[in-house]
Amino acid sequence: MTGSCSSLVADHFLGTAVDGNVHGQLDVPTPLADLLLSSIMIDTRLKLVADGGKATPLDVSALHALLPLSSFASSSTSSPAVFNSSAPAAPAALAALKAHNDRLGHAKEDVAHLSARDLLRRDYKEYLVSGRRYGLSTVPLALSTLLDADPSASLAPEERVARLVDAVRSWMDERELDMAGVLTSYVHVKRKSGKEGKHRRELALVLRGGAAHAHGLEGVFEALERDEVLELKEWKDASVYGVAEGGWKGGEQGEDRWRIWQQGNDRATRKQVAPSMKSAVEHVVGAEGNEA
């Protein structure tokens with residue numbers, strides 16, 4: 001278990017284990033060390049698991065091994081030969097890395113210029129389960145932000161929802177998907193006061209209509225609503241955007257179906273949502289040969 005795959009890469013080639021010492025002899029170019037450190041920072045923010053984050057001891061040891069090989073250590077007097085977990089990184093190197101982390105964070109969160117299609121493909125994974133192909137897109141915005149950003153300001157709220165569903169449907173056509181999920185992660189901003197509230201997550205799910213494509217998948221909705229990990233609840237903005245009771249609207253038989261939920265468990269990321277969806281699909285259509 002580790003917070004970043006890049007920490008595993010560093011451990012594999014450098015043999016850092018969990019003591020932070022570089023046991024391998026691989027010559028790591030400075031740009032590669034910078035790249036691996038960037039990935040570790042993006043994935044973990046170096047917030048330890050014990051403090052509610054994702055960084056494990058392996059992530060920390062990988063950082064200690066890579067930092068003296070990187071450009072962030074250029075102002076440091078520490079050398080790779082003596083740098084280890086018991087010999088702290090030079091303050092200048094750590095300060096440079098933290099400043100880089102701040103820049104990465106701002107760049108990662110700056111998605112205002114992206115179209116709906118770009119947001120869907122920005123952080124995307126695809127799966128084949130029991131003969132059904134589906135994708136999961138993680139979006140760092142609330143659905144309300146996407147809906148209110150629609151350039152057609154004159155559209156009624158429910159029409160904005162329909163337009164967003166159409167964008168997901170177009171992505172499904174492009175990827176030849178039977179089902180598409182959109183996972184949102186955001187800090188709630190109170191509409192009246194404008195103050196930041198709690199961290200929240202939403203899940204929107206669209207099923208392709210037509211018996212040839214979605215036969216048997218309608219039960220995925222109910223299966224997910226029974227999932228004890230995600231704890232799906234009614235979408236908090238359902239009434240604002242004219243979505244029917246229960247947080248969803250669907251078409252007649254043969255048309256696309258979709259639902260939107262609030263995640264009761266706001267700590268459940270794609271790493272929890274994907275297995276839950278896999279279980280839901282297998283429950284309603286049976287388990288067959290699967291691949292991700």
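What follows treats the cores, then the helix pairs, then the backbone.

The model is predicted, and local features are described here only where pLDDT is at least 70.

In soluble globular proteins, nonpolar side chains tend to be buried together. In this model the largest nonpolar core has 24 residues, and Val161, Val168, Trp235, Val243 and Trp258 are those with the most contacts inside it. The elements that contribute two or more residues to this core are helix 5 (116-122), helix 6 (143-148), helix 7 (157-175), strand 3 (179-189), strand 4 (196-207) and strand 7 (257-263). Among these, helix 7 gives the most, with five residues. When residues up to four places away in sequence are not counted, Val161 touches Leu147, Tyr241, Val243 and Trp258.

**Helix packing**

Two packed helices are described by the angle between their axes and the distance between the axes. The table gives these values, with the handedness of the crossing, for two pairs.

| Helix pair | Angle between axes | Distance between axes | Crossing |
|---|---|---|---|
| Helix 1 (residues 5-14) and helix 3 (residues 57-66) | about 60° | 9 Å | left-handed |
| Helix 2 (30-44) and helix 4 (91-109) | about 65° | 10 Å | right-handed |

Helix 1 and helix 3 pack at an angle of about 60°, and they are therefore oblique to each other. Their contact is formed by Ser7, Leu8, Ala10, Asp11 and Leu14 on helix 1, together with Leu58, Asp59, Ala62, Ala65 and Leu66 on helix 3. Sorted by class, this contact of helix 1 with helix 3 has seven nonpolar residues, one polar residue and two charged residues.

Leu14, which belongs to helix 1, is buried because its relative accessible area is 2%, where under 20% counts as buried. Between Leu14 and Asp27 there are 9.1 Å in space, C-alpha to C-alpha, although the two are 13 residues apart in sequence.

Helix 3 is mostly covered, with eight of its 10 residues buried; these are Leu58, Asp59, Ser61, Ala62, Leu63, His64, Ala65 and Leu66. The elements that cover these buried residues include helix 1, helix 2 and helix 4.

Helix 2 and helix 4 also pack against each other, at an angle of about 65°. In this pair, the contact is made by Leu37, Ser38, Met41 and Ile42 of helix 2 and by Leu97, His100, Asn101, Leu104 and Lys108 of helix 4. By class, the contact of helix 2 with helix 4 has five nonpolar residues, three polar residues and one charged residue.

**Backbone angles**

Most residues other than glycine have a negative phi. Ser130, which is not a glycine, has a positive phi of about 50°, and its place is in the loop between strand 1 (124-129) and strand 2 (132-139). Glu176, likewise a residue other than glycine, has a positive phi near 55° and lies in the loop between helix 7 and strand 3.

Are these two residues, Ser130 and Glu176, buried or exposed? Ser130 is buried because its relative accessible area is 0%, under the 20% limit, whereas Glu176 is exposed because its value is 62%, over the 50% limit.

Conventions
Residues numbered from 1 in each chain as written. Predicted model: local features only at pLDDT ≥ 70, side-chain atom pairs only at ≥ 80, totals over all residues. Heavy atoms only, no water. Core = buried A, V, L, I, M, F, W, Y, C linked by side-chain atoms within 4.5 Å. Buried < 20%, exposed > 50% of the residue type's maximum accessible area, 1.4 Å probe, protein only. Helix = DSSP H or I, 4+ residues; strand = E, 2+ residues; numbered from the N terminus. Contact = heavy atoms within 4.5 Å. Axes fitted to C-alpha atoms, helices over the stretch in contact; angles between N-to-C directions. Parallel < 35°, antiparallel > 145°, perpendicular 65-115°, else oblique. Left-handed = near helix turned anticlockwise from the far one by under 90°. Nonpolar A, V, L, I, M, F, W, Y, C, P; charged D, E, K, R; others polar.
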